[in-house]
Amino acid sequence: MLADTTLIVREWPERPDLIIYPIFDVHLGAAECMVDEWETFLKALKAEPNSYIIIGGDMLNNGIKTSVSNCYDETMRPREQKAMLTKQLEPIRDRILCGVPGNHCGRNADVDQNPLYDVFCKLDIQERYRENAAYNVFRLGDKSANGAKNPTYTMAVLHGAGGGMYIGSAANRNERFGAVIDGLDILVTGHTHKPITYPVGKLS
């Protein structure tokens, strides 16, 4: 597994723009998992040739006896969850820009197992996986066109941690993390199951 500090660099010289969907907390195998909606999204993505995804952890519920989840409520066993996710992602493997684990992957840490990393290895895209956070550099357009520099964006992806009663607590924690990374354009996190987006500006 490559170090977190190894940048993931992608270039699209033929495109001036791009659509990236952040995918977190699918919890495949949980009784509450919206399987039909997830598979509908995957089918729609295949029809969008210029769309990509980033995977931010907890794709599998991975309920085991020592976890908070009740393993007896799972709709499939962890190994079946891995097999299904691999099958679902295989048709769009080239659209996956990066992946990081979630806390549900960490349930196997004491035996040095990471189910989402296993999925990436099975898809033969393990070079896009990072153990804690994925740092991406995306370059769009032809840098030589009209003598202008091509747009370049830096994105950090991590699962996130902690919940809290109010959504502001998660936003404040993420803003503090993003502030320590120089030159970061976009920070994407999940875990809280609470959707939020907010801009942050800096004077230079």
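Student: What makes I181 buried or exposed?
Tutor: The cut-offs are in relative accessible area: buried is under 20%, exposed is over 50%, and partly exposed is in between, using a 1.4 Å probe and protein chains only. I181 has a relative accessible area of 17%, so I181 is buried. One caution: this is a predicted model, where local features need pLDDT of at least 70 and side-chain atom pairs count only at pLDDT 80 or more, while totals for chains, interfaces and linings use all residues. Residues are numbered from 1 along each chain as its sequence is written, and side-chain values use heavy atoms, with hydrogens and water left out.

Student: Where is I181, and what does I181 touch?
Tutor: I181 sits in the loop between α4 (167–179) and β7. Those names come from DSSP runs numbered from the N terminus: helices are H or I with at least four residues, strands are E with at least two. Leaving out residues up to four places away in sequence, I181 touches Y135 and A156, where contact means heavy atoms within 4.5 Å. I181 and A156 are 25 residues apart in sequence, and their C-alpha atoms are 8.9 Å apart.

Student: How many helices and strands does the protein have?
Tutor: There are 4 helices and 7 strands, in the order β-β-α-β-α-β-α-β-β-α-β from the N terminus.

Student: Why are α1 and α2 called roughly parallel?
Tutor: Axes are lines fitted to C-alpha atoms, for helices over the stretch in contact, and the angle between N-to-C directions runs from 0 to 180 degrees. Angles under 35 degrees count as roughly parallel, over 145 as roughly antiparallel, 65 to 115 as roughly perpendicular, and the rest as oblique. The axes of α1 (residues 35–46) and α2 (residues 78–89) come within 10 Å and cross at roughly 30°, so α1 and α2 are roughly parallel to each other.

Student: Which residues make the contact of α1 with α2?
Tutor: W38, E39 and L42 in α1 meet L85, Q88 and L89 in α2. That splits into 4 nonpolar, 1 polar and 1 charged. Here Ala, Val, Leu, Ile, Met, Phe, Trp, Tyr, Cys and Pro are nonpolar, Asp, Glu, Lys and Arg are charged, and the others, Gly among them, are polar.

Student: How do you know that β5 and β6 pair?
Tutor: Pairing needs at least two bridges found by DSSP between the strands. β5 (residues 133–140) and β6 (residues 152–158) have 7 bridges, in the antiparallel sense, so they pair by that rule. N136 stands opposite M155 in β6. On to β7 (residues 186–188): 3 bridges join β6 to β7, and these two run parallel, with V157 partnered by V188 in β7.

Student: What sets H27 and D124 apart as buried or exposed?
Tutor: H27 has a relative accessible area of 9%, so H27 is buried; D124 has 51%, so D124 is exposed. H27 lies in the loop between β2 (19–23) and α1, and has a positive phi of about 55° although it is not a glycine. D124 is in the loop between α3 (115–122) and β5, with a positive phi near 60°, again in a residue other than glycine.

Student: And how many disulfides are there?
Tutor: The whole-structure search finds 0; a disulfide would be a pair of cysteine sulfur atoms within 2.5 Å. C33, at 14% relative accessibility, counts as buried, while C121, at 30%, counts as partly exposed.
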